[in-house]
Each structure stands twice: as C-alpha cells, then as structure tokens.
Amino acid sequence: MCSGSFAKCLGITLIPLSLACVLCNILLFFPGGTSVDSENITDEVWYFGGILGSGVLMIFPALVFLGLKNNDCCGCCGNESCGRRFAMLSSLLFAAVGVLGGGYSVIISVLAINYGPRCLVVIEGTEQWGTPFLDGSYLSNTSLWSECLKPDGVVSWHLSLFSVLLVMGVIQVALCAVQVVNGLLGALCGDCCSIFMCVGFCLGDLV
Ligand SMILES: *[C@@H]1O[C@H](CO)[C@@H](O)[C@H](O)[C@H]1NC(C)=O
C-alpha cells in the first residue's frame with residue numbers, strides 16, 4: 001500500500017495549507033486589520049487566489065489523495081490491485097486540478113506583491129485612495145511605505161499575507177506535482193514502486 005499511503009500523507013498536508021490560504025485571503029479583505037469600503041480593497045484580493053485557487057479547488061485533490069489508500073473501486077477484473085491502479089491513474093486528474101488552483105494563487109500573489117496595496121495617498125495636494133507602488137519600487141525602498149497614510153500598517157499587511165499565500169501556493173503546487181509522479185508509479189507498477197518515497201514520509205505504514 002505504498003504509493004497509496006504516500007498520497008494520504010500528501011492529502012493530509014494539503015488540508016491545513018488550504019485552510020491557511022483561505023484565512024490569509026479573508027484577512028486581506030481587512031487591510032491593516034480595519035474594514036474599508038469595498039472599492040478600496042486591493043484588486044488582487046478580489047481575485048480570490050487564496051479562497052478559490054488554494055482553497056476550494058484544493059479540496060478535491062486533498063480528499064481524493066486522502067482516500068487513495070483505501071480506494072480499490074471494485075477490484076476490477078477480479079484483480080484487487082487493478083482497481084487501485086485505476087484509482088491512482090484518476091488521481092492524476094485531481095493532481096492537475098491542484099496544480100491549476102495553486103498556480104492561480106501563486107500568480108495572483110506575485111502580481112499583488114509587485115503592484116502593492118491600495119491605500120490613502122496624497123496626490124497633487126489632496127488625499128485620495130490610490131495604488132502608489134505599481135512599479136514595485138516599495139519592495140526595495142521601505143521609506144516609500146509612509147506614502148500610504150491609511151490604513152495603518154497596510155503595506156506590511158499586504159506584503160506579508162500575500163507572501164504567505166505565495167509560499168503556500170508553491171508548496172501546494174509541488175505536492176500535487178509529486179502526486180503526479182507518485183500516481184503514475186502507482187498506476188504503472190503497483191503499490192511498491194514508490195517505496196523509496198514512502199520510507200521518509202510514512203514510516204508508520206511500513207512497520
Ligand atoms: C527611497 O525613497 C525615498 C522617497 O522617495 C527617496 O528619497 C530615496 O532616495 C529612496 N531610496 C533609494 C535607495 O532609492
């Protein structure tokens with residue numbers, strides 16, 4: 001049951017990552033921990049990278065990977081491992097969904113980090129809401145951050161939450177990509193092909 005156990009480990013890891021991404025995306029709707037008019041929330045927050053990409057879309061691969069260990073559909077052709085192999089093969093489809101979802105969140109996060117937050121700035125002598133850092137210069141020059149008058153701490157809020165989303169999205173994509181390999185091995189050669197991968201991650205299942 002080697003590649004199945006490994007897939008289960010991947011699924012178990014994906015779930016807390018997804019929940020954390022949803023939480024980050026929700027927090028981003030409250031820049032600097034305050035509530036602002038919806039038109040003053042940074043555009044990229046509305047693209048729901050964390051909620052849809054890393055959250056909802058990741059539920060499907062996570063649950064499928066979790067169940068692979070026990071999934072033998074009906075033991076097709078009276079051959080037990082045959083059904084399991086088919087389940088492994090179909091997990092590739094869900095791994096692809098996970099790569100797309102996580103990849104979407106990664107792309108949105110990179111854009112958001114580059115464009116910076118929406119905040120209250122002084123433009124030609126009047127205070128108004130804008131996106132002052134579209135060229136990404138704030139990343140290398142923190143003295144620019146004070147151009148954002150309100151909400152307090154909006155720049156670090158934006159940068160840290162989107163950075164967390166970026167890192168977790170990359171990890172999700174990597175885990176799903178690993179399941180592509182694991183699922184292929186499981187489908188082609190049966191359970192023990194990926195035993196080397198299992199040793200590190202699922203010692204409990206081996207003893
Ligand atoms: C950072 O931005 C400030 C304010 O615009 C500017 O005076 C300063 O020269 C910049 N520093 C660097 C290293 O670019």
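The model is predicted, so local features need pLDDT of at least 70 and side-chain atom pairs count only at pLDDT 80 or more, while totals for chains, interfaces and linings use all residues. Residues are numbered from 1 along each chain as its sequence is written, and side-chain values use heavy atoms, with hydrogens and water left out.

Visitor: How are α1 and α4 oriented to each other, roughly parallel or roughly antiparallel?
Guide: Helix α1 spans residues 2–28 and helix α4 spans residues 154–189. Helices here are DSSP runs of H or I, at least four residues. The two pack at about 160 degrees, axes 9 Å apart. Angles over 145 degrees count as roughly antiparallel. Therefore α1 and α4 are roughly antiparallel.

Visitor: Which residue in β2 is the bridge partner of V122?
Guide: Strands β1 (residues 119–123) and β2 (residues 126–130) run antiparallel, joined by five bridges. Strands are DSSP runs of E, at least two residues, and two strands pair if DSSP finds at least two bridges between them. The partner of V122 is E127.

Visitor: Which turn residue of the β1–β2 hairpin has a positive phi?
Guide: Two residues sit between β1 and β2. One of them has a phi of about 50 degrees: E124.

Key: Axes are lines fitted to C-alpha atoms, for helices over the stretch in contact, and angles run from 0 to 180 degrees between N-to-C directions. Angles under 35 degrees count as roughly parallel, over 145 as roughly antiparallel, 65 to 115 as roughly perpendicular and the rest as oblique.
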